[in-house]
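Have the sequence and the 3D view ready as you read.

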Amino acid sequence: ARSVPAKEVGGDYYDFFSFPSRDQTGLIIADASGKGLPGTLYMTRSRSIFRVISSEEASPGKILSRSNHYIAADASSGKGMFITVLYALYDQKKKQMTCANAGHYAPLWFKAKEKIFSEIKTNGIPVGILPEQTYQEETVQLASQDLLVMYTDGVIEAKAEHGGMFGVERLKRLVEEHSSLNAQDLFAKIQAGIKEFTGQAPPFDDMTLMVIRVK
């Protein structure tokens with residue numbers, strides 16, 4: 001995983017949470033609506049909430065609901081801003097992943113055996129807009145060597161010098177073409193693909209990318 005701000009500071013955030021007693025790992029990727037310093041300050045306050053509530057709850061939906069309650073209630077901190085968040089909880093023994101989504105892009109899930117993409121559909125409104133929100137969960141059964149790619153809009157909305165956008169389909173093609181690589185090498189291929197596409201064009205937005213390979 002890596003996050004690259006478009007300016008000196010950025011409003012993207014990703015993190016991993018280890019829960020050894022439950023054989024689970026939490027994954028979060030989020031994107032604040034503002035760029036530069038306002039987005040960074042808003043996300044800095046909010047990620048502390050995500051971290052604390054992640055240690056108290058074992059449900060992605062409840063984690064987003066409780067986080068949203070605190071973030072949305074503090075109207076002075078955001079001034080109309082909001083955060084898209086994808087939170088996933090991975091069970092290492094069962095190879096199951098439970099997701100809750102607050103307006104973020106769904107993860108790309110590439111099934112290694114079938115060599116196809118499968119959709120994860122759960123979604124809800126971004127965090128920070130309305131205090132009383134519930135978030136649905138979706139649990140998917142993963143298999144060894146499956147790939148999960150999570151990203152913020154800076155990846156698929158990366159612009160070339162001629163103005164075109166990188167797009168989801170181009171990202172999916174890179175994942176499919178290099179699906180035999182390990183997570184680190186696939187990550188490097190995606191980064192190189194984005195760099196080749198954008199050329200000398202300045203960054204359009206903060207860019208965060210996570211690539212996960214199931215053991």
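## A strand covered on both faces

Strand β4 is covered on both of its faces: Ile-83, Val-85, Tyr-87, Leu-89 and Asp-91 on one side, and Thr-84, Leu-86, Ala-88 and Tyr-90 on the other, are all buried. Buried means under 20% relative accessible area, exposed means over 50%, and partly exposed lies in between (1.4 Å probe, protein chains only). Because nine of the nine residues of β4 are buried, the strand is largely enclosed by the rest of the structure. Strands (E, at least two residues) and helices (H or I, at least four) are DSSP runs, numbered from the N terminus.

This is a predicted model, in which local features need pLDDT of at least 70 and side-chain atom pairs count only at pLDDT 80 or more, while totals for chains, interfaces and linings use all residues. Residues are numbered from 1 along each chain as its sequence is written, and side-chain values use heavy atoms, with hydrogens and water left out.

## The sheet around it

Where does β4 sit in the sheet order? Five strands form an open, antiparallel sheet in the order β2-β3-β4-β5-β8; two strands pair if DSSP finds at least two bridges between them. β2 (12–19) and β8 (137–141) stand at the edges with a single partner strand each, so one side of each has no neighbour in the sheet.

On one side, β4 (residues 83–91) is joined to β3 (residues 24–32) by nine bridges. Thr-25 stands opposite Tyr-90 of β4, and Ala-32 stands opposite Ile-83. Six bridges join β4 to β5, with Gln-96 in β5 as the bridge partner of Asp-91. β4 and β5 form a hairpin with four residues between them, and Lys-95 in the turn has a positive phi of about 55°.

Not counting residues up to four places away in sequence, Ala-32 touches Gly-11, Gly-39, Tyr-42, Met-43, Phe-82 and Ile-83; contact means heavy atoms within 4.5 Å.

A nonpolar core is a set of buried Ala, Val, Leu, Ile, Met, Phe, Trp, Tyr and Cys residues joined through side-chain atoms within 4.5 Å. The largest one has 22 residues, and those with the most contacts inside it are Tyr-13, Ile-28, Leu-64, Ile-83, Val-85 and Tyr-87. Apart from this core lies another, of 21 residues, including Tyr-151 and Phe-187.
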